[in-house]
Each structure stands twice: as C-alpha cells, then as structure tokens.
Amino acid sequence: MSDTPQASQQSSSTEPMITQRDMLGAMEVLAGAGTEPEVLITLTDEELRGLDGASALALLGSPYLDQDQVDADSASASALRSLTARGLVRPGGESVEEEGELVSGSGDPSARPVQLDRRLAGVVTLRRIPEGMITTTRALNGGSTTLAHYLFPRRGVLEEYVTVDGFHHFSVPEVDEVAERIRKFTDPFGVAGEDGEPTTTTRAEAVTGPEAADARALSVITSVAEGEGRQATVVATSDRVRVIDDGAVGPQRSPQDKVQVSDVSPESLRSAIDLLVPRSPEEEPSGDEGTGGPGA
C-alpha cells in the first residue's frame, strides 16, 4: 500500500481501521438507495489511491494511473490536495468529528492524520467490507469499462462504474435493480431479440466463432460470495445477444471445457444475470422489474 495519509492509518495487519463514524457514514450512504439513483460521488483513480492506498485499485483497475506517462505517486498527492481544498479531507485536529470506537483493525482513531467527509468515509468503507460482489467488465471499440456492485446485508448495494479514463462513479441502487442495470450495460445497443435453443460447445469456440467475430460488445460477469465464484460472458453482436455460461471460477478452467451458449431475449438476459447476483436466503428478489440502469 502506498504511503498516503489515509493509508498510514492502517494497522500493521491487513485489516483496515474502521470506526463507528465510518460505519455510520456507510449506513447513511446505503439508506439513500433508489430505483433510479443519481450519482452520489465521483472519484478519480488518483483520489482513490490517495485515500486508501494502491490496493484500493487492485480489483477494478485504474485506467488513468496505468498509463506509462502518469506518475501515480505525484498524481495521488495532488489529488489529496484537491480533496482537502474541497473540504472532503480535513487534517486531524481541525475541529474533526468524534470517530467513536474501533469496529475493526487496531490503533488510536483520534490519532488519524486526516478525517474524511462522512459520506466519503462511508463510500471508502463500503468498498472494503462487501459480503458479496458482482463485477461486469465490458469491452467496446472505445475501450474497457467496469460496472461493480458491492452487496451487503439487509439488501444494501453500492454501485461503482469505472470509465475508460479512470473516473469512478458511485451510486446506490436498490438490490432488485441490479440485474436490470447490468442487463443494460451488457446490451448497450439494445439488440437482444428472441430466445434460442441452448447449444453446447467449447469455451474457445464460443468466443472465436462467427457470431463472436461480429461482437460489438463483450462483457464478462463475475459473481463472488463466501469465497466461491461464478462467471458468464455476454456477447452483443449487430443483431443478437448471446450468453455463455462459464460456470464456476477456478484455476482448473480450460479453453476446451464444455460450456452452454444461448441466444437470449431482454427478459431472459435479465433473468440469467439475476441468478448471478449474490443474495442471502432472506434477500431473494421481489420479482418487480427494474427500469433503472447506467447509460451505455
């Protein structure tokens, strides 16, 4: 982890310091869930790195900072100065709020070198502690973007949309909207038509066949909960959408593995995605069709 003001407050172990104030901010963020949520906050690669260290970008990537001409340390230091100027980061001791007791990690919360705006602290905290996640990485001619959903008890969801230029847009959709938002993301041109009969082929053939050559958008959906993961690939061509069931995520996967491939309607695509969304038994979907979703 980089040597940043926020990173330096972590304990010597890998468990981050999380306080009661951090958790209050997280709960306040989740309480703002809606069917068509607006963007709550937008952060850049360098702001996230400055706030929470380099490891904060390990999962979803950092398109801007990954450019060879960008000095990540200098960019992160400048980003922290900008956040401080906007009042989102305050030096410790400058009329900061009481942090309360530790929820996780170790150390003295009152000795934190900086304090984050409570909503910002809530977003940073939620990124650290999901009980499940579903990430969708979409490749278009213009580059690769990622839509991630962090899932929490009592139907809590934090959405993070990472653009090709390294902006991270955070929203708070309701859990029943997640599948619909991913559906729109994986079918950005709205070409899903009718359901087709499932076929079985190898993973290699599924992504290199004639239909794959016509792909306008290729999305990989990965669902992880309780240490186990499943994956599916969605191929949007000029006139249809095809789903490849990649099965369980694991090191044993091979290009010659058999996979099921199906052309899908919008409704079937949404249903297939909904099955991948991690939920606790008491958090099954209500069955209501969602209408919200990120733009293409």
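Let me begin with a definition: helices (H or I, at least four residues) and strands (E, at least two) are DSSP runs, numbered from the N terminus. This is a predicted model, in which local features need pLDDT of at least 70 and side-chain atom pairs count only at pLDDT 80 or more, while totals for chains, interfaces and linings use all residues. Residues are numbered from 1 along each chain as its sequence is written, and side-chain values use heavy atoms, with hydrogens and water left out.

I turn to A206, which belongs to helix α6 (residues 203-208). Is A206 buried or exposed? With a relative accessibility of 12%, A206 is buried; the term buried means under 20% relative accessible area, exposed means over 50%, and partly exposed lies in between (1.4 Å probe, protein chains only). Leaving aside residues up to four places away in sequence, A206 touches T201, A212, I244, V259 and V261, where contact means heavy atoms within 4.5 Å.

Next, the aromatic rings. The structure contains one aromatic pair; rings of Phe, Tyr and Trp (its six-membered ring) pair if their centres lie within 6.5 Å, and planes under 30 degrees apart count as stacked, over 60 as edge-to-face and the rest as tilted. The partners are Y161 and F185, whose ring centres are 6.0 Å apart and whose planes stand at 85°, so the pair is edge-to-face. Y161 is in strand β8 (residues 156-162) and F185 in helix α5 (residues 178-186), so that the pair links distant parts of the chain, 24 residues apart. Both Y161 and F185 are buried.

F185 has a further neighbour: the charged end of R138 sits over its ring, 4.1 Å from the centre. Here a charge sits over a ring if NZ of Lys or CZ of Arg is within 6 Å of the ring centre and within 35 degrees of the ring normal. R216 likewise lies over the face of F189, at 3.9 Å from the ring centre.

Now to helix packing. The axes of helix α1 (residues 20-30) and helix α4 (residues 118-128) come within 7 Å and cross at roughly 90°; axes are lines fitted to C-alpha atoms, for helices over the stretch in contact, and angles run from 0 to 180 degrees between N-to-C directions. The two helices α1 and α4 are therefore roughly perpendicular, given that angles under 35 degrees count as roughly parallel, over 145 as roughly antiparallel, 65 to 115 as roughly perpendicular and the rest as oblique. Among the contact residues are M23 and L24 of α1 and V123 and L126 of α4.

Helix α2 (residues 45-52) and helix α3 (residues 72-85) have axes 8 Å apart and pack at an angle of about 85°. That angle makes α2 roughly perpendicular to α3. The contact includes R49 and L51 of α2 and A79 and L83 of α3.

Finally, two backbone features. R155, although not a glycine, has a positive phi of about 65°, and its place is in the loop between β7 (143-152) and β8. R155 is partly exposed, at 33% relative accessible area. E226, also a residue other than glycine, has a positive phi near 55° and is found in the loop between β11 (217-225) and β12 (228-236). E226 counts as exposed, at 79% relative accessibility.
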